[in-house]
Amino acid sequence: MKMHLITLLGFSCIALTGNALAEEDAQFAVGQAKAKVCMTCHGEDGISTLDPYPNLRGQKMGYLISSLKDYKARERSSGLAILMQQQADALSDQDIEDVSYFFSKLGQKPQQ
Ligand code: HEC
């Protein structure tokens, strides 16, 4: 009986981890699709080719989210921020989560 319980627990753990991973990969793909416009300035691999444009590859998700919200709320307005304010205006809260997830994970998986 005890063995069965342990086996059962083991299986459900694997199933749960599998689901979580599938969901994360789905968010990566959704974020990647939504980030197409961002890549024109920040680079397809999250490394920009122009000096005033920051790299986003592997940046912390929380920092990406707070930056995008700051641009949207006009809390960041110096220098070239006006470019980003327009970009951020077009993003919903869900878009911000998805693109931030994508850029934060970029470079952390062996295939990218
Ligand atoms: C027209 C070019 C352009 C496009 C398109 C663009 N960005 Fe930017 N982005 C910039 C520039 C320039 C800055 C630096 C602005 C500043 O000085 O605050 C920046 C800054 C940022 C930052 C802050 C980075 C940091 O290290 O503080 C984030 C996050 C960001 N962009 C995300 C995005 C996302 C997500 C998209 C797509 C929805 C996007 N950008 C599209 C030009 C662009």
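The following questions and answers concern a predicted model of a protein.

Me: How many helices and how many strands make up the secondary structure of the protein?
Reply: Read from the N terminus on, the elements of the protein run α-α-α-α-α. The secondary structure accordingly comes to zero strands and five helices.

Me: Which residue just after α5 takes a positive phi, and of about what value?
Reply: Within α5 the buried residues include Tyr101, Phe102, Phe103, Ser104 and Lys105. Just after this helix, the residue with a positive phi is Gly107, at about 90°.

Me: Is Asn55 buried or exposed, or does it lie in between?
Reply: Asn55 is placed in the loop between α2 (36–42) and α3 (61–72). A buried residue needs 20 or more other C-beta atoms within 10 Å, and an exposed one has 12 or fewer. Because Asn55 has 14 such atoms within 10 Å, it is partly exposed.

Me: Which residues does Asn55 touch, not counting residues up to four places away in sequence?
Reply: Asp45 stands ten residues from Asn55 along the chain, and their C-alpha atoms are separated by 9.0 Å. With residues up to four places away in sequence left out, Asn55 touches Gly46, Ile47 and Ser48.

Definitions and conventions
Residues numbered from 1 in each chain as written. Predicted model: local features only at pLDDT ≥ 70, side-chain atom pairs only at ≥ 80, totals over all residues. Helix = DSSP H or I, 4+ residues; strand = E, 2+ residues; numbered from the N terminus. Contact = placed C-beta atoms within 7 Å.
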